[in-house]
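I opened the structure to look at sheet packing, the nonpolar cores and the aromatic contacts. My entries follow in the order I checked things.

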Amino acid sequence: MYEKVIYLRLYNTLTKKIEEFKPYNDKEVTLYTCGPTVYHFAHIGNLRTYIFEDILEKSLEYVGYNVKRCMNITDVGHMSSDADTGEDKMIKGAIRENKTVYEIADYYTEAFFKDASKLNIRKPKIIERASKHIDFYIKMIEKLLKEGYAYISNGNVYFDISKVKDYYALSGKNQEELIIGAREDVNYDIHKRNPYDFGLWFTVSKFANQDMKWDSPWGVGYPGWHIECSGISINYLGEHLDIHCGGVDNIFPHHTNEIAQSEAYLGHKWCSYWLHGEHLNDATGKMSKSKGEFLTVSLLEEKGYNPLVYRFFCLQSHYRNQLVFSYEALDKASSTYNKLLNKINIIKNNTDGIVEEDVLNNYKNKFKEAINNDLNTSLMITCLYDILKENVNNNTKIEVIKSYDQVLSLDLLNDNKKELSSDLIKYIEDKINERALAKQNKDYVKADLIRKELEEKNIIIKDTREGTKYEVI
């Protein structure tokens, strides 16, 4: 365990400034990260947030903290609008694929963790499905009703935001701004006292075709999305949470509502630090599942990209900056990443000297400074290039790189070749066949371009008597 850094500085959405991180309990940092709603594949915009959260967890460990991280799996209660309106996302997925909600949840939960693994995103220590904690949500809601923070209307239970001081503190918004900015086609629930009151429990009156339903004091129904994260976090991480993460689109209303109901239930301040990752955009704006090409990790693999190229692409930008995706930008990241690996491979194959501890410690401190600069991943990568250029023996360089990759997780020194996906194998074989046809037609320019395209993706081809062979390095 490294000596703990005194000043770990992070941007806190709640205070709107970069500030020194001070955990509630010095022995362990509690970290809650909002998990996926498992009604469809995660697109790469979703996964950018999980990459940032993975960097945060590993950075906390790098500077000396023990981290207890919890993440939920939302398999019930998340509406197509985050403001509790529209169709339930899980029902939407079940109808789309003619499956039960439970089948949809199982399939896309597994798919999410497969994608996360390809990006070297570590599984949290605690992963809990929302549907498994109904009794605790009911306990919370009963207390909120008893103490006047919630009310029953038309069979549903709502949280009364008028009972909360500084309800809009996290978002920096106010109700007047929201009303002015509201679209005319938004339909508010007429049974709420305030349009921005939010659902804690929905009875069958909300969706008659909801598969997941439970008995409650207010009728057969299911919990609202927001109460699930509060309940799981409090149940597993305690009454004082250090850090809560998510994407910027979670700030309002989801995280705002979590604060309101959690602090009303607990009777004290709940979470001290709120960190949010910015959007991944395409040329037309925020990336989503509903427009354009549905960009997933599998699609990138089909096009011949190593998933870690996408991780590297994300790390070149700060998590609080919007990032614009294009295949041209990903190609550039792929080329840079592969050149980086090639430089490191040369060092690995030419080891020499005894590890110089003073150099190693100096570079660890440089890396910690980048972490302390609000998780500045581009500076972390700069540290990596600095050690490659340093006039020091290769064994020392390898130890520094090994240390950095605890956080970067780019497989910089990984000798074990990852099993190639069927999509990547098909891409390579299609390209080899396309190149063979070009050569047969004496189109050597095209054949050479195909070779170069493969090399850019770290795929080396060799023509032999037995045919064209390939290697992914």
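I started with helix 4, residues 134-146, in this predicted model. I found that helix 4 lies across strand 6, strand 7, strand 8 (198-203) and strand 9. Its direction is at about 120° to strand 8.

Next I looked up the sheet under that helix. The sheet is open, has 4 strands in the order 6-7-8-9, and pairs in the antiparallel sense. Which strands stand at the edges? I noted strand 6 (150-153) and strand 9 (221-223). Each has a single partner strand, so one side of each has no neighbour in the sheet. From one strand to the next, the twist averages 25°.

I then checked the pairing of strand 6 with strand 7 (residues 156-159). I count 4 bridges there, antiparallel. Isoleucine 152 sits opposite valine 157 of strand 7.

On to the cores. Which residues touch the most other members of the largest nonpolar core? I got Ile243 and Tyr310, in a core of 129 residues. Helix 1 (residues 44-62) gives the most to this core, namely 9 residues. Another core lies apart from it and has 8 residues, including Leu424, Tyr427, Ile450 and Leu454.

I listed the contacts of tyrosine 310, leaving aside neighbours within four places in sequence. They are Ile44, Gly45, Arg48, Ile51, Leu119, Leu280, Leu300 and Leu330. Tyr310 also belongs to an aromatic cluster, together with Tyr305, Phe313, Phe325 and Tyr327.

I turned to ring pairs.

Last, I checked for lysines over rings. Lysine 123 lies over the face of phenylalanine 113, at 4.7 Å from the ring centre. Lysine 457 lies over the face of tyrosine 305, at 4.5 Å from the ring centre.

Definitions and conventions:
Residues numbered from 1 in each chain as written. Predicted model: local features only at pLDDT ≥ 70, side-chain atom pairs only at ≥ 80, totals over all residues. Heavy atoms only, no water. Pairing = 2+ DSSP bridges. Helix = DSSP H or I, 4+ residues; strand = E, 2+ residues; numbered from the N terminus. Axes fitted to C-alpha atoms, helices over the stretch in contact; angles between N-to-C directions. Contact = heavy atoms within 4.5 Å. Core = buried A, V, L, I, M, F, W, Y, C linked by side-chain atoms within 4.5 Å. Buried < 20%, exposed > 50% of the residue type's maximum accessible area, 1.4 Å probe, protein only. Phe/Tyr/Trp six-rings, centres within 6.5 Å; stacked < 30°, edge-to-face > 60°. Lys NZ or Arg CZ within 6 Å of the ring centre and 35° of its normal.
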